[in-house]
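Please examine the structure shown below. The report that follows is written for a reader at the start of their studies.

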Amino acid sequence: NYLNDKWIRSYDGFDHVVDFDKATQAANNPDRLNEAYDSGDHLHPSKEGGKAMAEAIDVGKFIKREEV
């Protein structure tokens, strides 16, 4: 839902946010799932949608760095 997404994107209490909504939304209508990622029910992602979501994850954010 739009308000939840807006709050999560703007809240500074998280170390990092993976925005699966942005990774899978339609370019011409951000309220809709991109057809290329739609499993057919207009709600759940297909395998390609899952791939897009996986690619949206910056794994570097999960690596603990030594403090210099």
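The model is predicted: local features need pLDDT of at least 70, side-chain atom pairs count only at pLDDT 80 or more, and totals for chains, interfaces and linings use all residues. Residues are numbered from 1 along each chain as its sequence is written, and side-chain values use heavy atoms, with hydrogens and water left out.

**Salt bridges**

Two salt bridges are present, a salt bridge being a side-chain nitrogen of Lys or Arg within 4 Å of a carboxyl oxygen of Asp or Glu.

| Pair | Closest N and O atoms |
|---|---|
| R9 and D19 | 2.4 Å |

R9 lies in helix α1 (residues 2-10), whereas D19 is in the loop between α1 and α2 (20-24), ten residues apart. D21 belongs to helix α2 and is twelve residues from R9. Helices (H or I, at least four residues) and strands (E, at least two) are DSSP runs, numbered from the N terminus. Through shared partners, the salt bridges join R9, D19 and D21 into one network.

R9 has a relative accessibility of 35% and counts as partly exposed; D21, at 29%, is partly exposed as well. Buried means under 20% relative accessible area, exposed over 50%, and partly exposed in between (1.4 Å probe, protein chains only).
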